[in-house]
Each structure stands twice: as structure tokens, then as C-alpha cells.
Amino acid sequence: STGQYNYIPAEVISNTVNKKYNYMMLDKGRAEGVKPDQGVISSNGVVGIITHVSAHYSSALSLVNLNSQISARLKGTEEIGRVIWDGIDYRYSTLMDIPTHINVNKGDTVLTSGYSHIFSRDLAIGTVDSVSYQTGDHFYNIRICLAENFNGLYHVYVLENKAIDTLLDLEKQNERTSR
């Protein structure tokens, strides 16, 4: 465990990569501290987000799922974007919302932004594979090669954010005071 996160080791017991809405099942559940909305990572990078939990099992929305969307940034910049899967190939995803005045190159690293309670900052998501944009567009279309091979997933870790209750309480207080 580092800082505000505990790592709960788990094994992937089933997983799909060839559908539009891919999920994985893990062999850990409520009894082991797994809860909905926790991040799932591997030693290579981000894998998914827990959606459902039973006593000893859980399911996670894969990063290669049309409903998956995670906050990300380019290493070396503070530019925040979103990683969204296009439903085509489990090896690639798309980084959206990066403005065209930023210098982006093939091979650049894409990391988690830390702008959510789900993933800590600076976890690997992938690397830039290709960059394109239409004249007049203010944002790039960035294809990224994912850090994890989703067709070979076995050992993963569920991220338990130890400070989650405090963070959610602070958010609620902020919402009340900003009304």
C-alpha cells in the first residue's frame, strides 16, 4: 500500500475483448474489501473499474468498453483529456480533448490525471500511436496503444482509496456552499 491507496491483489477469472461492452470477472469481492467504483490496474497499467460486487467475486468494466471513460494527461504536460474506446480493437484507444497548440508526438506516454477518486495520478494508460486533426479543429484525434494486453490479463490489483470518505464529504460540503 502506498499513501492513500491499498492494493488488493486479484485474478481475472473471465474476460472478453471482442465485444463492444467488455467486462472482466475477478476472484475477490466484498469480503476482501472490493467495492463498486474502485479502479483495477495491472503491473502494466490501467485495466478497468469495478461495477458489481458479491461476497467473493466482482465484475469490472474494462477499459475496452464503449462506456469506459477515464481522465488522462500527457506525460510532461498538465493537459487533461479523456481516454475513450472506439469499439474496434482492444489494443488501441483514443485520447480526446487535447488542444492542437500542445506538442504531441508518437511514443508520448499517456497517464491517469489523478482527477478522480478512482485512479491515483501517473498510472500508465498507453502511448501515443498516431496524431491527426482537421484544419480548423482545436483538438487532436490521438490514437493510443494501450499499456496492457487485454487479451492476456491474469494478475490485477483493485485500488482501494483509503481517503475516499473524506474526499466525498469535502465534495458534498463544496456543493452545499456553492449553491
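This is a predicted model: local features need pLDDT of at least 70, side-chain atom pairs count only at pLDDT 80 or more; totals for chains, interfaces and linings use all residues.
Two strands count as paired if DSSP finds at least two bridges between them. Zoom out and you find six strands closing into a barrel, with antiparallel pairing.

**The barrel**
- Going around, the strands come in the order S1-S2-S5-S4-S3-S12.
- On average, neighbouring strands of this sheet are turned by 45° against each other, if you ignore direction.

**Where S1 meets S12**
- Strand S1 covers residues 5–15, strand S12 covers residues 155–161, and the two run antiparallel.
- Seven bridges join S1 to S12.

**S4 and its partner S3**
- Strand S4 spans residues 46–53 and is mostly covered, as six of its eight residues are buried.
- Strand S3 takes in residues 39–41 and pairs with S4 in the antiparallel sense, over three bridges.
- Within this pairing, Val40 faces Gly48 of S4.

**S4 and its partner S5**
- Strand S5 runs through residues 58–65, and S4 pairs with S5 over five bridges, again in the antiparallel sense.
- Ile49 has Leu61 in S5 as its bridge partner.
- S4 and S5 also form a hairpin, with four residues between them.

**A general point for reading strands**
- In a regular strand, side chains alternate between the two faces of the sheet.

Technical notes:
Residues are numbered from 1 along each chain as its sequence is written. Side-chain values use heavy atoms; hydrogens and water are left out. Buried means under 20% relative accessible area, exposed over 50%, partly exposed in between (1.4 Å probe, protein chains only). Axes are lines fitted to C-alpha atoms, for helices over the stretch in contact, and angles run from 0 to 180 degrees between N-to-C directions.
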